[in-house]
Amino acid sequence: MRFSTIEKVNTACRLCFARCGIILHLENGKIVKVEGDSDDSKSQGYLCPKGRAIMELLYAPDRLKYPMRREGNTWKRISWDEALKVIAQKLKEIKEKYRAEAVVIHMGQAGVAQDIRPLIQRFCNVFGTPNFSSSGSQCHLARVMGNVLTYGYFPVPDINNTKCIVVWGSNPTSSNPLMARRILESQKRGAKLIVIDPRLTPLAKKADFHLMVRPGTDGALALSILNVIISERLYDEEFVEEWTIGFDKLVELVAKYPPTRIAEMTWVPANIIKEAAFVYGTIKPACIIQGNALEHNTTAVQSIRAISILQAIMGNLDVPGGALWTRFAPLSDITLGKERCSKVDPVGAVEHPLFNEFAKQAQANLLPEAILTEKPYPIKAMIVSGANPALTFPNTQKTKEALNKLDFLVVMDLFITETAKLAHIVLPAVTFLERTEICDYGRFGTVSRLTFHNKVLPELEESWSDWKFWTELAKKMGYREFFPWNNIEDTFNFQLKPLGISVEQLKKEPSGIIYGNKEYRNYEKDGFKTPSGKVEIYSEKMKKYGFDPLPVYKESDESPVSRPDLAEKYPLILTSGARILEYVHSRFRNVPSLHQRVPEPRMEIHPETAKGFGIRDGEEVTVESLHGSIKVKAKLTESILHGVVQISHGWSEANANILTDDEARDPISGFPPLRSLLCRVRKK
Ligand SMILES: Nc1nc2c(c(=O)[nH]1)N[C@H]1C(S)=C(S)[C@@H](COP(=O)(O)OP(=O)(O)OC[C@H]3O[C@@H](n4cnc5c(=O)[nH]c(N)nc54)[C@H](O)[C@@H]3O)O[C@H]1N2
Ligand SMILES: Nc1nc2c(c(=O)[nH]1)N[C@H]1C(S)=C(S)[C@@H](COP(=O)(O)OP(=O)(O)OC[C@H]3O[C@@H](n4cnc5c(=O)[nH]c(N)nc54)[C@H](O)[C@@H]3O)O[C@H]1N2
Ligand code: SF4
Ligand SMILES: [Mo]
């Protein structure tokens, strides 16, 4: 690709879901400046520190530039052809000796997700392994399950048009700054703001109500709010009558959750539960932002179901300002899941059959155990694409042991990560600026938009896009008939067919095409997409799978209430993984400007709690859980509940997942309790 001396290119930053508009200044094909695009309607010129560091990321000296093979402790450069040959041969050998399911392909949360996931699933289906897995095992799918089981879709909160916003277990100021900004703008227009979080987040500081909930007790809190709303008859009686099943049983269930009793359990004062419930119950429309924190405990799906039911009985489903039903673009399904899906169960299907029905993939949190025990069958090889399980999976010790046990591990990444260090082969990936992508903005509100993002820069040295790797590997394996595409645009054209447009047409629309306008109350046409066509407060499907059909609350497996015996020795509650604006999970610790801003991990602890252990601010302490221990510096802050500590994940020097558990999972989703464990701290 050639460029004139100075050129400006408009595109979107895809380092996080906010996707801010950016303008790149290119000089002789090299980016010399990145600025926020003030004409972008979503971001209006905003760039977070990560966006401002794009050049550092792109031109990082330690970026992988060519495939490498590990020989003992050193890496040897190899050609792509050799890499593909070795991988194809190994996969075939393993398939012959142990069957196809002995190969696992895990895809992480990196930018690979949107268009590459179905391509990797296609590869798995052609190869014959049911063991495709993804970061969906720790992210998003438990929320999808809770909402879909209740009313058949996963809603988008209509923040811009609402009168009341509940931010529940989410901190968009760090995780999606554009969303945080929209929340504050909506508040300025008069919307009430309720934040439910054990930490005093920036939004909590500005909220009308901040419910500082004990981690893991959100389900009980939701039932208590329902108790107030039902006993005060604040709910939408007409909607409940016409569109729900099981309301009478809910009335019985929530009677056991009066704020006076639940205050003790959740640590939220009873008057605050009551007042917040009253505000939420009397202001319409209202929407709830359901955060990732809700998924990381052993009662995840049921808690999310209780919250879903709350927004349903208030009549807030699919109304302007409520919980919108938006669709993704109807692209052709390229996974071959219907035609060629393996008959063998993926890992985790027996333990979490409902997750398997929803996700049709392996439950990644069970992979390390399966690799180590060879149950339900031997697993011998793994390809990891855009993930760093050595830092992001629960129970790092077990995860690393399992990765080490594999006969063959391939990692495709931008850098030598903690996971790549364990690989036999590493493959150099490209950044979002060095590849062509289609982005679906269907989940961003009332307009469903699909955009095309052209490749801005050539691939760095011998790095390849994930698309190229999977397509070339497929060809090397002899699967050309299933991977007939010569370039990514061919694949896109195939996917775009149901929309009746081509890549060429999409390219001509810099702000994308709108493929669906929002209509409200979709359920009035053909009912809810649940077995009964109604909102299932009582779910026969849950019952069929052996779960409680009502959104019952169960204490976390490790908590001062469920295990007072353990709490004597481990008196603190650990929640991990609060997002840091500068980093995405384990990424960017090697980017100097970001590292300078947040140079080291910290354990957040309330000064009162710290005092009890004689711990000073900045002092290095040992944190111990039942699963492991790490050393980390303490950060004393009034912004966290007394008795709770928080450690963000993704740091190799103080890896929070050494403390987390892979065994006590939410039975419905298989999600791990990353936000609700017991721990203790002591001076180093
Ligand atoms: N900068 C940055 N942005 C990101 C990411 C990143 O790593 N970095 N990751 C992306 C991904 S994959 C995801 S899933 C999202 C997640 O983003 P969000 O959904 O916003 O979730 P988190 O930031 O993980 O956690 C939000 C809040 O939950 C609180 N919390 C902890 N435990 C509990 C609990 O038991 N109950 C309640 N109610 N609150 C609790 C924490 O104090 C924290 O403030 O962010 C995305 N955006
Ligand atoms: N304790 C604790 N653990 C957690 C969480 C928590 O809250 N607490 N959150 C969980 C959640 S919600 C999630 S989503 C997971 C995320 O888990 P992972 O997906 O494992 O997280 P990342 O560290 O973002 O790993 C992504 C890797 O992909 C690489 N990469 C970036 N772009 C590309 C690309 O285009 N192609 C390829 N091949 N590679 C690329 C990056 O360099 C990085 O190494 O972590 C989970 N782990
Ligand atoms: S918030 Fe930051 S990382 Fe996310 S899209 Fe915007 S500039 Fe990029
Ligand atoms: Mo996530």
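**Close-up 1. The second largest cavity and its lining.** The elements giving two or more residues here are β9 (164-168), β10 (192-196) and α13 (DSSP runs: helices, H or I, at least four residues; strands, E, at least two). Helix α13 gives the most, with three residues. By class, the lining comes out as 10 nonpolar, no polar and no charged. The space inside is about 60 Å³. This is a predicted model: local features need pLDDT of at least 70, side-chain atom pairs count only at 80 or more, and totals for chains, interfaces and linings use all residues. Residues are numbered from 1 along each chain as written, chains are lettered from A and ligands numbered from 1 in written order, and side-chain values use heavy atoms, leaving out hydrogens and water.

**Close-up 2. Where α12 meets α13.** The axes of α12 (residues 259-266) and α13 (residues 270-282), lines fitted to C-alpha atoms over the stretch in contact, come within 8 Å and cross at roughly 115° on a 0 to 180 degree scale. The two helices are therefore roughly perpendicular (65 to 115 degrees). P259, T260, I262, A263 and T266 in α12 meet A270, I273 and K274 in α13 (heavy atoms within 4.5 Å).

**Close-up 3. The largest cavity.** About 80 Å³ of space lies in here. Its lining includes C13, C16, R19, Y46 and P177.

Technical notes
Parallel < 35°, antiparallel > 145°, perpendicular 65-115°, else oblique. 1 Å grid on protein atoms, 1.4 Å probe; cavity = no way out; pocket = protein on both sides within 12 Å on 5 of 7 lines; lining within 4 Å. Points joined across faces, edges and corners; volume = space filled by probe spheres on them. Nonpolar A, V, L, I, M, F, W, Y, C, P; charged D, E, K, R; others polar.
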